[in-house]
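Student: I have the sequence and the coordinates open. Can we go through them residue by residue and then look at the whole?

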Amino acid sequence: MEKYEYSVMLKIAEVMAIGSTYIVVSAGLITFNKYLMKEGRFPHAVQLTAMHMATTSLLSMILCLAIPSIYPSMPKAMENWKHLSRFMVPLGLLFSLALFTSNQAYFYSSVAFLQFCKQGNVAVIFLGGCMVGLQNFSWTKLMVLGVVACGCSMCATGEIKFALPGLLLQLLSQIAECTKNLIGEVVLTGAGLKLDVLTFVA
C-alpha cells in the first residue's frame with residue numbers, strides 16, 4: 001500500500017513539475033514576443049513565426065534522433081506518411097496562421113487582454129468537438145463553459161487601450177488554433193493511426 005501511495009505521489013509530482021515548466025516557458029515566450037513586437041525592435045510577425053516553427057522542428061528532430069524510444073509511433077508514421085500528409089499539411093497551415101495572427105496581435109493589444117481572450121478556446125473546442133463527434137454534449141459542461149466565457153468577456157471588457165485589429169487578429173488566431181486542435185485529436189485518436197504526442201508534434 002505504501003509503495004502504491006509513493007508511486008501515486010511521484011506521478012503527481014511529475015505532472016506538477018511538467019505543468020509548471022510549461023507555464024513558465026509559455027509565459028516567458030509570450031512576454032518575449034510582446035517585447036519584440038514593437039516599433040524599433042522586431043515587429044515582423046511572419047519572420048517571427050518562421051523562426052518559431054523552424055526552431056520547433058529542429059529541436060524535435062534532434063530529440064527524435066537522440067532518444068528515439070520516446071517516439072514509439074514514429075516508424076508507423078514514416079510508413080504511412082502519404083496518409084498522414086492529408087492531415088499534417090492543413091495542420092501546418094493552421095499552426096502557421098495561428099502563430100502569425102497571435103504574434104501580430106501583440107503589436108496592437110496588451111498581453112493580459114489577449115490571454116483573457118484565449119480562455120475562450122475551451123468553449124470553442126468543446127462546441128467544435130461536439131459537432132464532429134469528439135465530445136459528448138452535456139448541459140452541465142455547457143453551463144460551466146458559459147461561466148468561463150462570461151468571466152473572460154468581463155475581464156476583456158475592461159481593456160483600457162482597446163484596439164479592434166488586435167481583437168480580430170486574436171479571434172482569427174483562436175479559430176485556427178481550435179481547428180488545429182480538433183484535427184490533431186482526430187489524428188491522435190483515429191484516422192486509422194494512433195500516434196503518441198511527441199510523434200504527432202514532430
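Student: In which helix is the place of Leu127?

Tutor: The model is a predicted one. In it, the run of residues 121–132 is a helix, and Leu127 falls within that run. The helix that holds Leu127 is H6.

Student: Is Leu127 buried, partly exposed or exposed?

Tutor: Buried means under 20% relative accessible area and exposed means over 50%, with partly exposed in between. Leu127 has a relative accessible area of 42%, so Leu127 is partly exposed.

Student: What distance separates the C-alpha atoms of Leu127 and Phe137?

Tutor: Along the chain, Leu127 and Phe137 are 10 residues apart.

Student: How many helices and how many strands does the protein have?

Tutor: From the N terminus on, the elements run α-α-α-α-α-α-α-α-α. The count is therefore 9 helices and 0 strands.

Student: What share of the contacts with a separation of 6 or more comes from residues 24 or more positions apart?

Tutor: Contact here means heavy atoms within 4.5 Å. Among the contacts in the protein with a separation of 6 or more, residues 24 or more positions apart account for 73%.

Student: Which element gives the most residues to the largest nonpolar core?

Tutor: The largest nonpolar core has 12 residues, including Ile30, Leu48, Phe113, Leu114, Cys117 and Leu169. Two or more of its residues come from each of H1, helix H2 (45–66), helix H5 (111–118) and helix H8 (164–189). With 3 residues, the element that gives the most is H5.

Student: How many residues are in the other core that lies apart from it?

Tutor: That core includes Leu84, Phe87, Leu91 and Val187. Its total is 6 residues.

Student: Leaving aside neighbours within four places in sequence, which residues is Leu169 in contact with?

Tutor: Leu169 is one of the residues of the largest nonpolar core. With its neighbours within four places in sequence left out, the contacts of Leu169 are Thr101, Gln104, Ala105 and Tyr108.

Student: Why does Ser109 count as buried?

Tutor: Ser109 is in the loop between helix H4 (81–105) and H5. Beyond its neighbours within four places in sequence, Ser109 is in contact with Lys34, Leu114, Ala163, Gly166 and Leu167. Buried means under 20% relative accessible area. Ser109 counts as buried because its relative accessibility is 2%.

Student: How many aromatic pairs does a search of the whole structure find, and what class is the pair of Phe32 and Tyr35?

Tutor: The search finds 2 aromatic pairs. The ring centres of Phe32 and Tyr35 are 6.5 Å apart. Planes under 30 degrees apart count as stacked. The planes of Phe32 and Tyr35 are at 20°, so this pair is stacked.

Student: What class is the pair of Phe107 and Tyr108?

Tutor: Phe107 is partly exposed at 31%, and Tyr108 is partly exposed at 37%. The ring centres of Phe107 and Tyr108 lie 5.4 Å apart. With their planes at 85°, the pair is edge-to-face.

Student: Which residue forms a salt bridge with Glu177, and what separates the closest N and O atoms?

Tutor: The structure holds 1 salt bridge. Glu177 is partly exposed at 24%, whereas Lys180 counts as buried at 17%. The partner is Lys180, with the closest N and O atoms 3.7 Å apart.

Student: What accessible area do Val8, Met9, Ile12 and Met16 have together?

Tutor: These residues form a nonpolar patch on the surface. Met9 lies in helix H1 (residues 2–36) and is exposed, with a relative accessible area of 54%. Together, Val8, Met9, Ile12 and Met16 have about 380 Å².

Note on methods. Residues are numbered from 1 along each chain as its sequence is written. This is a predicted model: local features need pLDDT of at least 70, side-chain atom pairs count only at pLDDT 80 or more; totals for chains, interfaces and linings use all residues. Side-chain values use heavy atoms; hydrogens and water are left out. Helices (H or I, at least four residues) and strands (E, at least two) are DSSP runs, numbered from the N terminus. Patches are made of residues with over 30% relative accessible area and no salt bridge: like charges are joined within 9 Å, nonpolar side chains (Val, Leu, Ile, Met, Phe, Trp, Tyr) within 5 Å. Accessible areas come from the Shrake-Rupley method with a 1.4 Å probe; for residues, only the protein chains shown count as cover. A salt bridge is a side-chain nitrogen of Lys or Arg within 4 Å of a carboxyl oxygen of Asp or Glu. Buried means under 20% relative accessible area, exposed over 50%, partly exposed in between (1.4 Å probe, protein chains only). A nonpolar core is a set of buried Ala, Val, Leu, Ile, Met, Phe, Trp, Tyr and Cys residues joined through side-chain atoms within 4.5 Å. Rings of Phe, Tyr and Trp (its six-membered ring) pair if their centres lie within 6.5 Å; planes under 30 degrees apart count as stacked, over 60 as edge-to-face and the rest as tilted.
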